[in-house]
Amino acid sequence: MQIEKIIAKTLIHNTAHKTQYHLNPYQGCYHDCKYCNGKAKRFYFHDEFSNNIKVKVNAPELLEQYLRDRGFYPVNRKRKDTLVDFIPSISESAKQNLPNKFILFIGGGICDVYQPAEEVLSVTRKLLQIAYDYSFPIRSLTKNTLVLRDIDLLKKIHKQSFARISLTITLSDQEEQLIFEPRASTTEERFSSVQKLREEGLPAGVYMTPLLPFIGDTSKNIEDLFKRCQETNAEFVVTGGLSLRPGKHKDEIFSVIKEYYPELLEKYKKLYLNDNPNGMPDTFYSHKLNLVDPIKTGYEMSKKYQIPFFEPRYIPEDMLHFNRRVSTVLSRIAFLKSKILQNTLFEAMRIQQDSILLETLKRDLKRMNSKEVRNLPFHNESLPYILEMLERNQCQFLINHKEWDNLFYKGA
Ligand code: SF4
């Protein structure tokens with residue numbers, strides 16, 4: 001493996017949610033998972049995604065600059081410890097005008113921030129330290145036990161705001177796991193990490209994604225993984241299928257299937273024949289080949305093992321609490337309608353859009369009357385739910401679908 005240190009111009013990417021920003025201090029990932037989205041053409045930074053790892057060594061400075069440019073300051077750092085030798089003296093009234101804090105998602109699905117290079121360079125740890133200094137909440141997702149190195153810092157962050165690390169775990173059989181995730185920590189090591197994080201009082205869930213068609217989506221694999229989630233006290237589970245973007249992403253997994261599962265190659269080719277730009281499998285063949293629906297199956301398993309089937313949403317103290325509560329309710333309705341009840345996707349999409357809008361709305365819904373709320377740009381699909389929350393502080397739809405919804409987060 002070659003590690004190349006680079007001075008980057010950017011580090012932080014906003015997401016559709018606007019209350020969460022992604023930070024990718026690495027380009028490329030040594031773990032070399034065969035289904036990795038980072039290998040898709042649009043994310044392909046160089047030919048050797050898994051062997052030539054670029055490290056943004058100035059990532060901590062970029063993050064600190066980004067936060068300072070927005071008026072934040074390191075509340076937990078003694079003056080003598082600051083990288084910059086000035087801290088703007090902010091008056092109480094100016095503090096009121098600071099923008100809302102947002103979640104720093106360290107790592108963003110196209111690199112693992114605990115891959116082996118991190119052991120030597122500690123860039124992720126430095127980013128966590130800055131999150132702590134500036135009192136920002138964090139999330140991350142990894143396949144490497146190296147995350148346990150940072151438990152001390154994660155606990156400090158969680159104590160003052162919020163820190164959640166989730167582990168991606170997709171295959172219970174070690175031989176299969178080594179084929180598809182050859183350099184990540186083993187499945188058992190990852191479950192041990194979940195257990196350790198939970199024992200230390202930290203939120204930590206499991207992303208069972210992607211469940212590979214005909215390999216990872218078998219009932220045995222899913223059930224084995226759920227059992228371990230229960231035993232290790234995973235906070236929640238999220239399941240999902242495989243998307244395969246045309247190009248190198250698809251070529252690589254097809255060549256692995258050809259080598260290890262030649263009998264499945266034709267099925268894979270048919271499933272991804274459509275070359276969907278987002279990599280979604282062809283629905284015609286999904287039905288024809290009886291492809292398991294990873295979300296429905298995961299949901300059934302969640303019921304059986306009584307594990308929440310949704311990543312609980314963190315609601316920061318300094319955000320408009322009622323807005324976030326309604327936003328969470330809308331998001332749960334959208335999920336139920338699209339994935340479980342299979343209502344029209346269009347309806348669910350509009351409700352989800354309004355959930356996002358509410359996250360960033362500066363006005364407090366609770367202080368508005370129904371006429372003012374109707375004048376906001378909400379879709380007709382969401383408005384009745386929003387008004388009901390405003391008037392009765394409850395959602396009859398979720399109550400009616402309690403059987404499905406009771407596995408969701410109760411903290412909203
Ligand atoms: S750990 Fe994540 S980023 Fe790294 S190769 Fe695997 S899927 Fe890609």
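Reply: Helix 1 and helix 4 are roughly parallel to each other, where roughly parallel stands for an angle under 35 degrees. Helices here are DSSP runs of H or I with at least four residues, strands are runs of E with at least two, and both are numbered from the N terminus. The model is a predicted one, in which local features need pLDDT of at least 70 and side-chain atom pairs count only at pLDDT 80 or more, while totals for chains, interfaces and linings use all residues. Residues are numbered from 1 along each chain as its sequence is written.

The part to look at is helix 4 with its surroundings. Helix 1 covers residues 59–69, and its axis comes within 9 Å of that of helix 4, crossing at roughly 20 degrees. Axes are lines fitted to C-alpha atoms, for helices over the stretch in contact, and angles run from 0 to 180 degrees between N-to-C directions. Ala59, Pro60, Leu63 and Glu64 of helix 1 make the contact with Val123, Lys126, Leu127 and Ile130 of helix 4. Contact means that C-beta atoms, placed from the backbone, lie within 7 Å. Six of these residues are nonpolar, none is polar and two are charged. Ala, Val, Leu, Ile, Met, Phe, Trp, Tyr, Cys and Pro count as nonpolar, Asp, Glu, Lys and Arg as charged, and the others, Gly among them, as polar.

Helix 4 (residues 123–133) also packs with helix 5 (residues 151–160), at an angle of about 25 degrees and with the axes 9 Å apart. Helix 4 is therefore roughly parallel to helix 5. Here the crossing is left-handed. Helix 4 brings Arg125, Leu128, Gln129, Ala131 and Tyr132, which meet Leu153, Lys156 and Ile157 of helix 5. The residues of this contact comprise five nonpolar, one polar and two charged.

The loop between helix 4 and strand 7 (138–142) holds Ser135. Ser135 is not a glycine, yet its phi is positive, near 60 degrees. Because it has 16 C-beta neighbours inside 10 Å, Ser135 counts as partly exposed. That class lies between buried (20 or more other C-beta atoms within 10 Å, C-beta atoms being placed from the backbone) and exposed (12 or fewer).

For context, the protein has 18 helices and ten strands, and 39% of its 412 residues are buried.

Notes: Parallel < 35°, antiparallel > 145°, perpendicular 65-115°, else oblique. Left-handed = near helix turned anticlockwise from the far one by under 90°. Contact = placed C-beta atoms within 7 Å.
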